[in-house]
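Please keep the sequence and the coordinates at hand while reading.

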Amino acid sequence: MAGNRTFTMIKPDAVEDGHIGAILEQITASGFRIVAMKLTQMTTADAEEFYAIHKERPFFGELVEFMTRGPIVAAILEKENAVEDFRTLIGATNPEDAAEGTIRKKYAKNVGENAVHGSDSDENATIEGAFHFSGREMF
Ligand code: UDP
């Protein structure tokens, strides 16, 4: 069943700004089924591990600080072609480059505080989902 699940986080900026409901509405209205979901807060160690691929990048420290500063909504989503379709729904990393109507265009502040995460491959969707959820939390 590869290809039908992705992992997302509504990031601290969008949670702080009260956009959880609107973002979940757009996600489910776009045909994604919620398989797992929770409000949680990442520790520094969690964020460093989750974003380990970026650890040499100049923005790494800022990214870890941002992602741990408040709660996030973590969720696993299901839909045919989930990873690609969800990346289309959220838009480009930098909201200045994101298409009209995308979640990042509507809610992101800048390239760092960009409202939502979406896995970039089926393999990472599985890894990232398992990072946040046990099998008993997936439905
Ligand atoms: N990021 C940042 N500055 C940059 C690029 C990325 O702070 O110049 C942050 C941003 O929150 C982004 C995350 O690092 O979502 C991961 O970056 P990636 O290039 O993987 O973008 P994404 O897959 O999230 O669109």
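This is a predicted model: local features need pLDDT of at least 70, side-chain atom pairs count only at pLDDT 80 or more; totals for chains, interfaces and linings use all residues.

In β4, the residue that forms a bridge with M9 is H117. β1 and β4 run antiparallel and are joined by three bridges. On β3, β1 has an antiparallel partner as well, here over six bridges. Within that pairing, F7 stands opposite I76, and T8 stands opposite A75.

The wider arrangement can now be stated. The strands form an open sheet of four, in the order β2-β3-β1-β4, with antiparallel pairing. β2 (33-40) and β4 (116-118) each have a single partner strand and therefore stand at the edges, so that one side of each has no neighbour in the sheet. Averaged over the sheet and with direction ignored, neighbouring strands are turned by 15 degrees against each other. Helix α7, which comprises residues 122-132, packs on this sheet and touches β1 and β3. The direction of α7 makes about 55 degrees with that of β1.

How much of β1 is buried? Six of its six residues are, and the strand is thus mostly covered. The side chains of R5, F7 and M9 point one way from β1, while T6, T8 and I10 point the other way; all are buried.

The surroundings of V116 show how several parts of the chain meet: leaving aside neighbours within four places in sequence, V116 is in contact with T8, M9, I10, K11, A14, I23, I90, I103 and R104.

K11 lies in the loop between β1 and α1 (12-16). Is K11 buried or exposed? K11 is buried, because 24 other C-beta atoms lie within 10 Å, and a residue counts as buried at 20 or more. Beyond its neighbours within four places in sequence, K11 is in contact with M67, I72, N114, A115, V116 and H117.

R104 is placed in helix α6. R104 likewise counts as buried, because it has 24 C-beta neighbours inside 10 Å. With neighbours within four places in sequence set aside, the contacts of R104 are I90, G91, A92, P95, A98, N114, A115 and V116.

K106 counts as partly exposed, because it has 17 C-beta neighbours inside 10 Å. The C-alpha atoms of K106 and E49 are separated by 28 Å, and the two residues lie 57 residues apart along the chain.

Conventions. Residues are numbered from 1 along each chain as its sequence is written. Two residues are in contact if their C-beta atoms, placed from the backbone, lie within 7 Å. Two strands pair if DSSP finds at least two bridges between them. Helices (H or I, at least four residues) and strands (E, at least two) are DSSP runs, numbered from the N terminus. Axes are lines fitted to C-alpha atoms, for helices over the stretch in contact, and angles run from 0 to 180 degrees between N-to-C directions. A residue is buried if 20 or more other C-beta atoms lie within 10 Å of its own, exposed if 12 or fewer, and partly exposed in between; C-beta atoms are placed from the backbone.
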